[in-house]
Amino acid sequence: MAIYRAGPSDGVAWLTGGSTGIGRALALDLAREGWTVAVTTREQDRLDDLVDEASGVAGKILPFYCDVTDEAGMARTVEAIEANAGKVVLAIFNAGTYFPVHGEALSLSAFRKTYDVNLFGALHGMIPAVEAMRKRGRGQIVLVGSVTAYFGWPSTGAYGATKAALNLMADSLRFDFDKMNIRLQIINPGFVDTPLAAKNSFVMPALMPVEQASARMMKAIQSGGFETTFPRRLTWGLKLLRLLPRDVVHHFLSYVTRWKGRPLMPGRSWEDDGLENLRPHMRELPDHGKLAKRARRGKKPAR
Ligand SMILES: NC(=O)c1ccc[n+]([C@@H]2O[C@H](COP(=O)([O-])OP(=O)(O)OC[C@H]3O[C@@H](n4cnc5c(N)ncnc54)[C@H](OP(=O)(O)O)[C@@H]3O)[C@@H](O)[C@H]2O)c1
């Protein structure tokens, strides 16, 4: 029997992290397709303009504010959505954070904060949502991973580890979710031009605009495949790269990201100094704005 695929007439789509970036674009695209979209982010009133922007489209956007690190609050959010908006049939765990981690300035708090949002934040929502779906005998869950899960990129020691954990967790949970008629999906985007990606101080190959990323995610949610990764010209190459010895992968990534030229800066971290203070120390710095403009025009990012 085919596993359930949610549609806008079945109930509500719940999306975490819709105030900026990929989540914001995806919330609008879902509403345009007729979905009632319950959006969860932290700060009150942060979603007012998003709600306004969605007025006049086929569906609507309803804010349900909560910090994804608040376990009890996330369970209450599921209850509030179901009581006020409708049954959650599609849940997309997109909220994410990124603290670049540098080997010479390790910070436990960067790891803790990243795990709290990216991994436990998704679980805080997924556990009550799956319980409600299990009782109803159907549902669709989407986890947002990243290509940084495939292998270690510079400065993604914490971030990439949480995304790898989400991927492995999805592989494992799928065995049981299939039996509960709950479709589980993992979407691993490449590099997308958002406030989160702007924290990166390495050259991001094939950086893409949020609208394109959201369109790919909409297609993935509708088609229901287990793993979706994009843009293909980057991610298929990365998948092949995974077959090579890890030494080869390491040297290749050092080269494409230009990380080799970055000097060590003991005692300084992105958190302490701000990226702007680190940038003057970097060689051949990427201009993310220009890369994104080129991507919008359909040109290959120049390196
Ligand atoms: N950009 C990329 O290159 C890229 C690539 C692969 C995967 N991803 C993944 O895509 C997802 C979206 O990222 P993005 O690039 O669009 O980043 P973004 O623009 O920084 O958006 C992150 C969203 O997460 C929300 N959020 C963060 N911490 C939260 C918390 N504690 N509780 C509730 N909401 C929280 C933020 O809302 P508030 O701050 O308003 O609460 C915001 O809406 C993330 O999971 C990210 O890891 C991004």
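Start with the sheet. Select the 7 strands, which form an open, parallel sheet in the order β3-β2-β1-β4-β5-β6-β7. Strands here are DSSP E runs of at least two residues, helices are H or I runs of at least four, and both are numbered from the N terminus. Two strands pair if DSSP finds at least two bridges between them. Go to the edges: β3 (60-63) and β7 (227-230) each have a single partner strand, so one side of each lacks a neighbour in the sheet. From one strand to the next, the twist averages 20°.

Before moving on, note the ground rules. The model is predicted: local features need pLDDT of at least 70, side-chain atom pairs count only at pLDDT 80 or more, and totals for chains, interfaces and linings use all residues. Numbering runs from 1 along each chain as its sequence is written.

**Overview**

Colour by secondary structure. The protein chain shows 11 helices and 7 strands. Now colour by burial. A residue is buried with 20 or more other C-beta atoms within 10 Å of its own, exposed with 12 or fewer, and partly exposed in between, the C-beta atoms being placed from the backbone. Of the chain's 303 residues, 45% count as buried. Next, consider contacts, meaning C-beta atoms, placed from the backbone, within 7 Å of each other. Among contacts with a separation of 6 or more, 70% come from residues 24 or more positions apart.

**Strand β6**

Select residues 182-189. Why is β6 described as largely enclosed by the rest of the structure? The reason is burial: 8 of the 8 residues of β6 are buried. On one side sit Ile182, Leu184, Ile186 and Asn188, all buried. On the other sit Arg183, Gln185, Ile187 and Pro189, buried as well.

Now look at the partners of β6. β5 joins β6 through 6 bridges, running parallel. Gly139 stands opposite Ile182 of β6. With β7, strand β6 pairs in the parallel sense over 4 bridges. There, Pro189 stands opposite Phe230 of β7.

Is Lys113 buried or partly exposed? Lys113 is partly exposed, because 17 other C-beta atoms lie within 10 Å. Leaving out residues up to four places away in sequence, Lys113 touches Thr97 and Phe99. Draw a distance from Lys113 to Phe99: their C-alpha atoms are 8.2 Å apart, across 14 residues of chain.

**The ligand**

30 residues surround the ligand, the closest being Gly17, Gly21, Gly96, Thr194 and Leu196. A residue counts as near if its C-beta atom, placed from the backbone, lies within 6 Å. Which helix gives the most to this shell? Helix α1 does, with 3 residues. α1 (21-32) and α4 (108-136) each supply at least two.

Colour the shell by residue class.

**The cores**

A nonpolar core is a set of buried Ala, Val, Leu, Ile, Met, Phe, Trp, Tyr and Cys residues joined through C-beta atoms within 7 Å. The largest has 68 residues, and Ala27 and Val37 have the most contacts inside it. Centre on Ala27. Beyond its neighbours within four places in sequence, Ala27 contacts Leu15, Gly18, Val37, Val39, Leu50 and Ile61. Apart from this core lies another, of 6 residues, including Tyr98, Phe99, Val101 and Ala110.

**Backbone stops**

First, Phe230 to Pro231. This peptide bond is cis, with omega near -10°. Pro231 sits in the loop between β7 and α7 (232-241).

Next, Asp45, in the loop between β2 (36-40) and α2 (48-53). Asp45 has a positive phi of about 70°, though it is not a glycine. Asp45 is exposed, because it has 8 other C-beta atoms within 10 Å.

Finish at Arg258, in the loop between α8 (246-256) and α9 (270-273). Phi of Arg258 is also positive, near 60°. Arg258 is partly exposed, with 18 other C-beta atoms within 10 Å.

Key. Contact = placed C-beta atoms within 7 Å. Axes fitted to C-alpha atoms, helices over the stretch in contact; angles between N-to-C directions.
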